[in-house]
Amino acid sequence: MMQVIYQAKGLCKRYGHKTALDNVNFEILPGRLVGLLGPNGSGKTTLLKLSAGLLSPNAGQILIGGQVPGVATKAITSYLPDRMALPVEMRVDDVVALFADFYADFDMPKASRMLADLKLDPRQRIGTMSKGTQEKMELCLAMSRAAKLYLLDEPLGGVDPAAREYILNTILRNYNEDAAVVISTHLVEDVERMLDEVLILKEGQLLTHRPVDELREESGMSLDEYFRTTFRV
Amino acid sequence: MMNKLLKYECLAVGRILVPIWAGTAVFALLAAMIGRLDSVLSGTVGTPVSAVLESFFQILTALFLFATIAACVVLNIQRFYKLLGDQGYLMFSLPAAPWQHMAAKLLCACGSTIASILICIGCTWMANADGEAEAAQTVSQQFSLQSSIGTVFLVVQMVLAMISAYLYLYLCMAIGSRWPQQRMLASIVTYFVLGFALQMAFVLLFALAAIAMTHLPQSVLDGWTRFFLEMSLHGEMVAGIMAGSVLLLFALADGILWAVTHRLISKNLNLP
Amino acid sequence: MEWNIESGRPVYLQLVEQLELAIVTGAMPAGSKVPPVRELAAQAGVNPNTMQRALQELESRGLMQTHRTAGRTVSAGTEQLDEIRRQRAKALAEEFWKQMQALGINAEETAALLCAAAEKETI
């Protein structure tokens, strides 16, 4: 019996008067590729930030490997934020060295290979790269870790279709199969073939948590169509 | 983890400050050499010109020294400010506790400030010393100043004060980050508002204490008067106790500033 | 091999279908080694868990086999493949006939059309 690697229990988060997450409960087993879907403002980024330990919940808890987010979980969680987090004045090889230094599970040869595939000059400053290249680089660094949980917040955002394919392919080829991968996106069409399960959030509440193939069989629709139907304005 | 954070912090700070320090040192050296050449210069180009040159270089050196300290302080403020910005996503995802991030930044800030001050002292000394004899005299003067305990007290006092200055700035930035959209403005406003509030609080505290004292029964006042008369006979001990209390108060203030700031960045982290 | 996964139907079913087709057409010949799950999954753009399920289904149908040392191979016997071919051809024919009927074309015309198409190929 596999142990649940990632779970939420009665999770609530408020920003002032606005409720971002309301009583969210789920359990994710290792080896699953999970889609975190929902319209803008549904709480996806909040959930991921809470899981990465960058926010504290108002009620309930998140458990990663049985522990609340903290130093121990950060060592086994690879978080890719939805914004550019790398210091723009740093050079590529500086950032790689930083990751290698702080993360015991960082695979330096793999990272070097992936970055070489991107044709990146190691001495290049991050600030001089195009947005698409920056995103790809961040993803490569995130996937070079042998983490137990990958949290990818909008990894496809603001990137052209060719780059999107590259990113999805990179995720598929590089994730550690004992790990769970959570991908938050609203580009459902692009990712749905990859997903095992889906968590659908609406206004801070967990609407659905189902295996994707089950949803497809039941509804007779693709996940993308199901999503559009559910959130039809 | 702490070592690694410190290493990165020092490298990042050093990258900017070391060239500045080097530049300042070079400039002070130039000023010193011009000073030494004074006699030669006044002989060749005339006394007024050499005097002007000398003053010119001294003013420039002074500006450089001021710029060095200013750059150091601004840089350290900037580094903490960035930590609570986009960079926070990277930094706080690292497997390190928030207090470690704070400690690394604070240690580097204090270290680099002390280094900057020492460099400035060194440069001043270098620029103004007109020979080894005078230099030696100045140095021995420094060390016989008061008692060595007094100097130690002064140094510790200044370090604690510096820590509290930085911690206060960190606290303002931590409070300011509760308004992520106007973080800069909020931090600056907090700086003034909080400062004003604290000053008012102290004034109020002293006023209340003074009023309270006037209402104390005569016997208590008499007792205290006797106590203080006793104490005034032991001048050194009194000085020691007072010095110690001042240090304690600063340490207490530092502790409070640290605790509140730490609480804000661990439980109430609010990255933009 | 070419993968053509649509989003409207369960991915797992499509994978099983397309793998079976590959075996029948010889794209994955009998006795050949099956690429590792991760590789196949990345090619098809699906996640390894789903691919694993599909491969296991094919194993339970006897079309593939896992050896302890050699990994997974295509183990379909010729009779089995012929049977599958026949089933698929039958299904295709029935579907084709239904579509011809919908166009209003009778059986004779249909047969003639098929022969003409076959001849065109051989010429």
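**Sheet of chain A**

I looked up the sheet in this predicted model. The sheet is open, with six strands in the order β5-β6-β7-β3-β8-β9 (chain A) and mixed pairing. Strands here are DSSP runs of E with at least two residues, helices are runs of H or I with at least four residues, and both are numbered from the N terminus. Two strands pair if DSSP finds at least two bridges between them.

I noted β5 and β9 (205–211) of chain A as the edge strands, each pairing on one side only. On average, neighbouring strands are turned by 15° against each other, direction ignored. Axes are lines fitted to C-alpha atoms, for helices over the stretch in contact, and angles run from 0 to 180 degrees between N-to-C directions.

I then followed β8 (residues 197–202) of chain A, which pairs with β9(A) in the antiparallel sense over six bridges. A:K202 stands opposite A:Q205 in β9(A).

Helix α1 (residues 44–51) of chain A lies across β3 (33–37), β5, β6 (149–153), β7 (180–184) and β8 of chain A. The helix runs at about 145° to β6(A). Contact means heavy atoms within 4.5 Å.

**Where the chains meet**

I found 21 residues of chain A and 22 residues of chain B in the contact. The two chains bury about 2,100 Å² between them, 60% of it on carbon and sulfur atoms. Buried area is the accessible area (1.4 Å probe) that two parts lose on being put together, summed over both. In chain A, the residues that lose the most area to chain B are A:L54, A:R83 and A:F102, together 30% of what that side buries.

**Largest cavity**

I looked up the largest cavity, which holds about 160 Å³ of space. A cavity is a set of points on a 1 Å grid over the protein atoms alone where a 1.4 Å probe fits but cannot get out, and lining residues have an atom within 4 Å of a point. Points are joined across faces, edges and corners, and the volume is the space filled by probe spheres set on them.

The lining has 16 residues, with A:Y79, A:L80, A:P81, A:F99 and B:L90 nearest the centre. β5(A) gives the most, with four residues.

**How I read the entries**

Residues are numbered from 1 along each chain as its sequence is written, while chains are lettered from A and ligands numbered from 1 in the order in which they are written. Local features need pLDDT of at least 70, side-chain atom pairs count only at pLDDT 80 or more, totals for chains, interfaces and linings use all residues, and side-chain values use heavy atoms, with hydrogens and water left out.

Note on methods
1 Å grid on protein atoms, 1.4 Å probe; cavity = no way out; pocket = protein on both sides within 12 Å on 5 of 7 lines; lining within 4 Å.
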